[in-house]
Structure formats: structure tokens, C-alpha cells
Amino acid sequence: MSDARYTAVKLLCKTFSGGSYSNIQLNSGLKKSGLAERDRKLCSLIYYGVIERKIYLDYVIEKFSSRPLKKLDDVILNILRCGVYQLMFTENIPESAVVNESVTLARKFGKKSASGMVNALLRNFIRQGKTVQLPEDRYKRYSIEYSAPPEFIESLITDYGEELALNLLADSSGSPPVTVRMNTLKCTEQEFISALGNIKAIKSGIVPESYSLSGDVTDTKAFRKGYFHVQDIASQLCCKSLAPAEEDVVLDICSAPGGKAFTMAEMMRNKGKIMAFDLHEKRVELIRSGAERLGLTNIYADTGDALRYNPELPEFDKILCDVPCSGWGVVRRKPEIKYKNPDNFSGLPEIQYNILENALKYLKTGGEIVYSTCTLRKAENENVIERLLSGHNEIEPVPLPEPLGGKFGSMASIFPCHYGSDGFFIAKLRKVR
């Protein structure tokens, strides 16, 4: 049977060699590991901690290693990352245990010849007080301190200023909150809280139906009975911005896994109609199964290409256009995103614009559309909206509802400091002719 640290190193090797998103990688790895609950928590802590702090950890290792990082074996490098992370950022794990377990790991992975180097590096780091001198250059220091590539930091600062950029970076480490939306169609607040068992619920002061929870929220009576679905505050504010009414016909053009469709259906009291589309049948099934668990019958889910106009669809009163994006706003949930080459995102604004322009064809005169992303890059957000407005005189910007409108107007770039949410962008438009 695998132990927590061994599993963490295995998963890190997969992730850093180009694997899937960290949450998918971890969930899959833990299911196969056979670890007890306590060890699963330790594995998760180390795994996410190393991804979040990778640049910082590598900076430390480089200072204490006689060999360049590029010449270190991948397994040994990840063992060292795990060891340094535990020494610097965890409590209640004895230093001697960290060193001994790291040396043991090297042997378990068949790297016995490197075990002496692992032992020496970690012990030297401890003798030096577990600290390193950071560079004086501001961007280099930020890069190490927040473990983000300089180009990632420079892009954020260029777009939104240093204060907001550092807010997102500071928020990107540690465990993000688990936020859910209570299904008022199925339960009262008292029934919801009672069905959570020992899990504590903290009510939001921003969205009345929203609560912060802790622990495995899906392993509760409340989840099984369809009393809630998991959804960040920013996504709930996105749905509030569209404000679908009971009689509306709504299009959710890039819907899967369906969280926003579920929230809108609840806002509509399970009346009207929501047509929810996504490109792949497997993802559409997530919408259908989620709607069934929540008891929502006004959602019609099917496959559909957001880039292609479908003349068989009706005109819609409201449209949600939550497009694929670089995901910079959710780095606290998927920390590996910040290490991706920005060139990978260069084609996104054109795709996003084309999806939005296609969605506009379905909108009734007098109807409203919300464009949203979970990223904080002006190229994917404000620039896309400004391009659409300059090329389409039949639409106009619409002020967002409170609490967004007074602060942001018709376009909101939301950072964690605003509502404690993920980073998010929301813009609202109306078709006037």
C-alpha cells in the first residue's frame, strides 16, 4: 500500500510532466491509493503545496544543491520539493521526520544513490535556519515569494495595477473556501443545516443563498438530497447579473458542468426554460445528472457547438455566455495554471469573440446577455467586449446589479479582495434594436 508522501511524489511527477489539471490528477490518484483519510489529507496538503510554491521551492533547492536543477532526476527533485515544503510551510511535522521520510522515499523509488544528497541538502537547509535571501529586484522577488512566473505577474500588474495583482497572488496559496448555493426549492435553511451533519455552515453576507462549508461536502445527506450545489460566490454573482425571471427562455451556451444553469433554474423557481449546451456528450451528462439530483426540470441539456449558429433554436430573453478562458482567476484551485506559457492563450480572444458574436444572433430585441470568464486578462475580458461594442450598434452596455453595479458599472473584474471569491469577469449587454 502506498503512503501519503510516496503518492504525492508520484502525482507531482505526472503533473509536472504535462498531466491533467491538479484536482483531476489528485482525485484520481487518491482513489487508486488506498490511503486512510488522515494520509489522504497529508498527501493533498503536500501535493497542492508543492504546486503552489514550486518556484519558491526550486529557488531554495538551487541555493543548497551542488548540481543545477535541470540535471536533477525528476523523482529526486520532487522528493526535495516535498521535503522543503514541509520544512517551510507546515506545522506539527518534526524536522527529523521530514528528513528521514525524504531519504526513505529516495530508496522506495529506487534512487538509493541519491539518498545521501537528499539527506545532506535538507539538513543543511535546517542548519541555515530554513531561510534564504530573496532577490532585491522587485519582479524577481515577487516571482519567488508568490511562486509565479515573472510574465504572469507583469501581465496582471500591467492590466490591473500592483495592489490588485498582489491580492490575487497572495490569495493563490492555501486551501480555497468551499462555497455552495442552497437549493431553496427543496429545503429551508434549517433543513439544509440539519442535513449537513457535523459540517459547519457560514452564511454569506453577499448572496443570501450562499454558504461556506468545510470538509467533504459531497459525503453528506444534504448533498444526496439535492439541498445544494458547489459554486463560488463570483459565479453566483454572474447569474444574479443576468437576473433571469420565471417566464424567461434562457440560453446557457457553454454550460457544462452546469453550476450556473442550476443557479438560474433555482432563481426562476423551476419555471420558464433554460437550454443548456456544451460540445461533448460526456459533459452534457454532467448537466443532466446535476439537474436531476437538484430536482430541476426546466433545464434542457444537449450537445451544441457555441461557434456555430443553429437556426432551429428560438430567440432568447436572456443569454449566459461563459466562455472557455485561460483560468487565471482560479489559480487558488488549479495552481498549475500560472506556470503555463502565455503563448498558449494567444488564440483565446478570437474564439471568445466568435462565441459571443454567435450568441448575440439568438438574442431577442430588448433581451440581455452576460459575458463572463474565470480569468483576469484584459485581452480575454474588456478587450473582447469593447471589440463587440465597436462592431455592433444594436447592443449597449447595461449597469450590473448590486453589489457589482456601484463598484464596477457594466463590466466587473472581480478579485479576491472584493468578495472573497475566485477571480472573475462579468459584463452585461442589452440588444436595443
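Mentor: A nonpolar core here is a set of buried Ala, Val, Leu, Ile, Met, Phe, Trp, Tyr and Cys residues joined through side-chain atoms within 4.5 Å; buried means under 20% relative accessible area with a 1.4 Å probe, protein chains only. This is a predicted model, where local features need pLDDT of at least 70, side-chain atom pairs count only at pLDDT 80 or more, and totals for chains, interfaces and linings use all residues. Residues are numbered from 1 along each chain, and side-chain values use heavy atoms, without hydrogens and water.

Trainee: Which residues touch the most other members of the largest core?

Mentor: Cys43, Ile61, Ile79, Leu80 and Leu122, out of 46 residues. Among the helices (DSSP runs of H or I, at least four residues) that each supply at least two residues are α1 (4-16), α4 (54-64) and α7 (115-127). The largest share, 9 residues, comes from α5.

Trainee: And what does Ile79 touch?

Mentor: Leaving out residues up to four places away in sequence, Ile79 touches Val9, Ser102, Leu105, Ala106, Phe109 and Val118. Contact means heavy atoms within 4.5 Å.

Trainee: What lies apart from that core?

Mentor: Another core, of 32 residues, including Ala291, Val370, Ala412 and Ile414.

Trainee: Switching topic: which helix gives the largest share of the lining of the second largest pocket?

Mentor: α4, with 5 residues. Among the lining residues are Lys54, Asp58, Glu62, Lys140 and Pro150.

Trainee: How many of the lining residues are charged?

Mentor: 5 are charged, alongside 6 nonpolar and 1 polar.

Definitions and conventions: Buried < 20%, exposed > 50% of the residue type's maximum accessible area, 1.4 Å probe, protein only. 1 Å grid on protein atoms, 1.4 Å probe; cavity = no way out; pocket = protein on both sides within 12 Å on 5 of 7 lines; lining within 4 Å. Nonpolar A, V, L, I, M, F, W, Y, C, P; charged D, E, K, R; others polar.
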